Every structure is written in C-alpha cells, then in structure tokens.
Amino acid sequence: MSDRIFNFSAGPSMMPQSVLEKAAAQMVNYEGSGMSVMEMSHRSKVYDGIINNTEAALRRVMGIPDNYKVLFMQGGATMQFSAVPLNLMVTGKADYAVTGNFAKNAMKEAKKFGEVHIAASSEDRNFAYIPKQDQINADPNADYFHICANNTIFGTEWNYIPELGNVPLVADMSSNILSRPVDVSKYGVIYAGAQKNMGPAGMAVVIVREDLLGHYRENMPVLLDYKLMADKGSMYNTPPTYAIYMLGLMLEWIEGLGGLTEMEKLNIKKSQLLYDYLDSTDFYVAVADKDSRSRMNVTFNTGNAELDAAFVKASVEAGMSNLKGHRLVGGMRASIYNAMPIEGIEKLIGFMQEFEKKNK
C-alpha cells in the first residue's frame with residue numbers, strides 16, 4: 001500500500017503490514033467461525049484456541065521456563081506499577097533503579113505500599129545513562145529490585161542484567177520485549193505493555209515465577225492478584241481478547257523471521273546504521289551515552305530548538321511521523337521497534353543528510 005508512512009511513534013507504534021493484512025482478512029469472519037474475534041465469547045472453544053496458542057507461542061519465542069506463569073492483564077504497564085508491590089512486597093521493602101520517567105513513576109507508585117529504596121539513579125544527568133553494576137547500592141534484604149529495561153523517553157537501555165544475589169529482579173520491558181533473546185530465568189517478574197512490539201494498546205503481559213505468587217493482601221484489588229489471575233488462566237473477568245489475538249499474530253510473524261535471535265540481528269543492524277550516522281556528523285548530537293544507547297528509541301537533536309522544530313515539520317512533509325522528542329528531552333526521537341523496516345531507517349538518514357546540507 002503506497003499510502004503507508006514510516007511511523008516512528010514511541011507507542012502505540014507501527015505493526016508489520018503483513019500482520020495488519022492478516023487481521024483485516026480475518027476481521028469479519030475468523031477462520032470460518034462466522035464472527036470476528038472482537039465479537040466472540042472469551043469462553044468459547046474457538047477463543048480458547050486463540051489464547052492457548054498465543055501463550056504457547058510466547059513461551060516458545062521467549063523460552064519461558066515451565067515454573068513461570070504467563071498472565072494477560074489489562075491496564076497496560078502502568079497498572080503493573082501497583083500490581084508489583086502489592087504482590088511482591090512481603091517484608092514491605094523494595095529497591096528501585098530510577099533511570100527514566102516510567103522507572104520514576106513505578107517507584108512513586110510503590111511508595112504507596114511500602115518502603116522504597118532508590119538503589120541506583122541516573123537523574124543527575126537527566127537520565128542519559130544506565131548505572132553500572134558498581135553504581136548499584138542494592139539491599140540484600142529487599143523483596144525485589146525493579147528496573148525499566150528500556151527508557152523510551154530518554155533512549156537508554158539496560159545492556160546487562162544486574163547481579164543481585166537472591167533478590168528477585170523485576171523488569172518493565174514494555175519497549176524492548178521481543179526485540180532480543182532474554183534469559184527469563186534471571187528474572188522474578190517481567191511485565192510489558194503491548195503497544196510497542198506486541199500489538200495494540202490496552203494489555204500488559206506479565207511473566208511471573210511461581211514461587212512469587214500467593215502473597216495476597218486483604219486490601220488487594222481483585223484484578224491485581226497475580227495468583228488469582230494465574231489460577232483462572234487470565235480469565236477471572238473478560239480478558240483483552242483482541243489484543244491477545246493480535247499478540248498471537250505478532251509472534252507468528254517473529255517466528256517466521258527466525259525468532260528472537262534473528263530479530264536481534266535486525267535490530268542491531270537498524271540501530272547501528274542510525275547511530276553510525278549520528279556519530280559521523282557534528283550537526284546532530286545523540287543524547288544517550290554510547291554504552292547505554294537503546295536499540296529501540298534513538299534520541300538526538302541539533303542543539304538549536306528552532307532547527308529541531310523545523311526538522312520535525314519537514315519530516316512530516318517527507319512522509320515520516322512522530323519524530324518529535326518528548327518534552328523532557330526535546331529534540332527528536334526515532335522509535336525503531338521490531339516492525340520498523342530497514343527502509344525506514346534509510347529514508348530517515350537520507351532526510352537527515354538533506355536537512356543538514358540545507359541548514360548547516
């Protein structure tokens with residue numbers, strides 16, 4: 001379709017055209033059922049197949065061990081900012097690494113439920129880096145240690161797994177899940193909003209180790225109880241049925257490409273192409289420190305707010321959208337999740353080169 005543009009939105013983000021076309025083809029009549037997935041009962045035999053196949057595909061693609069439960073929950077990742085402390089704060093103490101806006105929001109929410117210790121932070125330099133292992137002041141008695149694996153707004157990403165002894169690691173992987181292989185066994189909980197690499201907005205996937213389940217509180221909202229949701233197969237109430245179906249299609253697409261090993265190769269190639277160009281010119285400045293750069297969100301600017309605004313305006317006219325940076329950082333941000341093709345990166349770089357020539 002010639003009217004498709006390159007959408008660099010941080011989320012909801014672009015999806016593969018083949019996935020959208022398959023969803024469109026099945027929209028009115030899913031596999032001869034006579035109805036759309038949007039219409040069918042979540043208790044029906046047909047939908048039972050959809051949710052079970054989606055979970056099985058996620059387990060295959062991510063290599064999720066058998067002693068982990070997969071939950072499909074509503075409310076996106078932000079609802080998990082509350083669910084995590086409610087389910088995991090047993091002694092009432094938790095460690096948080098504050099490396100960006102959403103990490104900070106998660107920390108603030110956890111403070112409502114217990115004692116929070118900021119074990120690492122990069123706020124001193126407006127979150128331009130990820131703290132190294134020797135900069136982490138972890139509490140060995142904390143109930144868990146929380147990180148935001150990729151900081152969408154600031155363009156930084158954890159490129160190592162912090163060593164925490166026996167303290168469970170909890171990771172918000174909303175903006176880099178399914179972009180690279182992950183050793184799930186190194187985490188107590190992984191959660192992610194769907195709208196970056198997993199499909200449309202509105203759902204969160206939670207992967208939780210079984211031994212962390214069951215710490216029920218009398219005042220816990222029923223839909224935030226991980227054990228209840230696990231026991232009910234994510235169907236205590238009507239789950240986000242269409243979002244789960246779309247996740248299944250996204251996983252099918254990833255498997256067709258060769259899984260997360262191949263996905264990572266593509267993401268390295270795309271991000272490296274863009275960062276190499278940024279490093280080759282003094283017209284643009286990459287925001288994040290080199291060793292903390294995100295493969296998913298590339299933040300940069302010209303150092304001139306008026307030029308940045310002109311860049312964003314011209315990029316829209318050139319057939320690209322959502323390149324304006326977040327207000328906390330300014331400048332530009334190219335979100336290049338799984339579905340962004342290499343052609344999108346090449347078009348962006350070509351545009352950047354032309355803009356530099358005209359404005360240098």
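Q: Let's start with Arg-295: buried or exposed?
A: Arg-295 counts as buried, because its relative accessibility is 18%. Here buried means under 20% relative accessible area, exposed over 50%, and partly exposed in between, with a 1.4 Å probe and protein chains only.

Q: Before I go on, what kind of model is this?
A: This is a predicted model, where local features need pLDDT of at least 70 and side-chain atom pairs count only at pLDDT 80 or more, while totals for chains, interfaces and linings use all residues. Residues are numbered from 1 along each chain as its sequence is written, and side-chain values use heavy atoms, with hydrogens and water left out.

Q: Good. Which residue does Arg-295 meet in a salt bridge?
A: Glu-264, at 2.9 Å from N to O. A salt bridge here is a side-chain nitrogen of Lys or Arg within 4 Å of a carboxyl oxygen of Asp or Glu. Glu-264 lies in helix H7 and Arg-295 in the loop between S11 and S12, so the pair ties together parts that are 31 residues apart in sequence. Helices (H or I, at least four residues) and strands (E, at least two) are DSSP runs, numbered from the N terminus.

Q: What does Arg-60 pair with?
A: The side chain of Arg-60 meets Glu-255 in a salt bridge, 2.8 Å from N to O. This one links helix H2, where Arg-60 lies, to helix H6, where Glu-255 lies, 195 residues apart. Arg-60 is exposed, with a relative accessible area of 52%, whereas Glu-255 counts as partly exposed at 33%.

Q: Switching to the inside: how many residues has the largest nonpolar core?
A: It has 58 residues, and Met-62, Phe-145, Leu-178, Val-205 and Tyr-245 have the most contacts inside it. A nonpolar core is a set of buried Ala, Val, Leu, Ile, Met, Phe, Trp, Tyr and Cys residues joined through side-chain atoms within 4.5 Å. Helix H6 (residues 241-257) gives the largest share of this core, 11 residues. Apart from this core lies another, of 33 residues, including Met-73, Met-89, Tyr-96 and Phe-154.

Q: What is Tyr-245 in contact with, leaving aside neighbours within four places in sequence?
A: Lys-22, Ala-23, Gln-26, Tyr-30, Val-37, Tyr-47 and Ile-50. Contact means heavy atoms within 4.5 Å.

Q: How many aromatic pairs does the structure hold?
A: It holds 15. The rings of Tyr-96 and Tyr-144 have centres 5.7 Å apart and planes at 70 degrees, so they are edge-to-face. Rings of Phe, Tyr and Trp (its six-membered ring) pair if their centres lie within 6.5 Å, and planes under 30 degrees apart count as stacked, over 60 as edge-to-face and the rest as tilted. Both Tyr-96 and Tyr-144 are buried.

Q: What about Tyr-284 and Phe-300?
A: Those rings are edge-to-face too, because their centres are 5.9 Å apart and their planes at 85 degrees.

Q: Where is Ala-334?
A: Ala-334 lies in strand S14 (residues 332-335). Its relative accessible area is 0%, so Ala-334 is buried. Ala-334 and Ser-9 are 325 residues apart in sequence and 7.3 Å apart in space, C-alpha to C-alpha.

Q: Last topic, the backbone: which peptide bond is cis?
A: The bond from Gly-11 to Pro-12 is cis, with omega near -5 degrees. Pro-12 is in the loop between strand S1 (6-7) and helix H1 (17-25).

Q: And what is phi at Glu-31 and Phe-127?
A: Phi of Glu-31 is near 45 degrees, positive in a residue other than glycine. Phe-127 has a positive phi as well, near 60 degrees. Glu-31 is exposed at a relative accessible area of 62%, whereas Phe-127 counts as buried at 5%.
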